[in-house]
Structure formats: structure tokens, C-alpha cells
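User: I would like to go through this entry and see what stands behind each label. Please set each value against its cut-off.

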Amino acid sequence: IAVEMVTQRLPSSVQRPLRAVVHVLMLLVSLFMLWYGVKLCIGTWGQSIPELPWMPVGFTYLPAPIGAGATALCVLEHMSLGDQSQRAVVTLDHESAETGAA
């Protein structure tokens, strides 16, 4: 999701507060999808698909809450730890190339 594409093109004084707003909105949407996705799965678990009578309808809706939960975790990680490109694990190979270490 290229949400930061817009914020990176704004003046730096506006970027930080807008980034916080984007994070909160992304988290709210993810939690909304998680909550109602779980409710949808639970509500339709007793129904079956005519072509596949062994498979509950709720099972087919599982990707929605699972994806929403993963997105919420990624947003929380980004909010607490910052951008991944600035972390030592990501930039480790670039540092060793600059210092000449193998």
C-alpha cells in the first residue's frame, strides 16, 4: 500500500503529523475489518456451500480478518519501530560494504 507516496511529497513540517494521521486511520480500518470479518466468519460458519458441502461458508471469508490482522500488526510495528529502511537489520549489508568488512 503506497500511502506514504503522498506524504513524502509534502513539506517536512506537514509530513510528521500527517504520517500519524495516516497510521491511525490505517489501524482503525484494519481493526474494523478484523472485527467485522470475524463476526462474518462466525455468523456464516453454520452454512455450507452447495458445491462443497463439507466447507463452511465462514471458511471462505477467513482471508478478510486474517489479512486485516496482519495489516494491523504491520501498522503497529511501523508506528512503534519506524520505517524498516532505517533499521540496522535492513541496512546491515550496506554498512559492511561501506566499511570494507566482509
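Analyst: Contact here means heavy atoms within 4.5 Å. This is a predicted model, in which local features need pLDDT of at least 70 and side-chain atom pairs count only at pLDDT 80 or more, while totals for chains, interfaces and linings use all residues. Residues are numbered from 1 along each chain as its sequence is written, and side-chain values use heavy atoms, with hydrogens and water left out.

User: Which residues is His-23 in contact with, leaving aside its neighbours within four places in sequence?

Analyst: Val-75, His-78 and Met-79 are in contact with His-23 under that condition. His-23 is found in helix α2, and Met-79 lies in helix α4. Helices are DSSP runs of H or I with at least four residues, strands are runs of E with at least two, and both are numbered from the N terminus.

User: Why is His-23 called buried?

Analyst: Buried means under 20% relative accessible area, exposed means over 50%, and partly exposed is in between (1.4 Å probe, protein chains only). His-23 has 15% relative accessibility, so His-23 counts as buried.

User: What makes Met-79 partly exposed?

Analyst: Its relative accessibility is 39%, so Met-79 counts as partly exposed.

User: Which residues make the nonpolar surface patch?

Analyst: Val-21, Val-24, Leu-25, Leu-28, Leu-73, Leu-76 and Met-79 make a patch of about 640 Å². Patches are made of residues with over 30% relative accessible area and no salt bridge; like charges are joined within 9 Å, and nonpolar side chains (Val, Leu, Ile, Met, Phe, Trp, Tyr) within 5 Å. A salt bridge is a side-chain nitrogen of Lys or Arg within 4 Å of a carboxyl oxygen of Asp or Glu. Areas come from the Shrake-Rupley method with a 1.4 Å probe, and for residues only the protein chains shown count as cover. The largest share of the patch, four residues, comes from α2.

User: How many disulfides does a search of the whole structure find?

Analyst: The search finds zero; a disulfide would be a pair of cysteine sulfur atoms within 2.5 Å. Cys-41, at 5% relative accessibility, counts as buried, whereas Cys-74, at 48%, counts as partly exposed.

User: Where in the chain is confidence lowest, and where is it highest?

Analyst: Confidence is lowest in helix α5 (residues 88-99), at a mean pLDDT of 55, and highest in α4, at 94. pLDDT is the predictor's confidence in each residue, from 0 to 100. Where pLDDT is low, the predicted coordinates should not be read in detail. The mean for the chain is 84, and 80% of its residues reach 70 or more.
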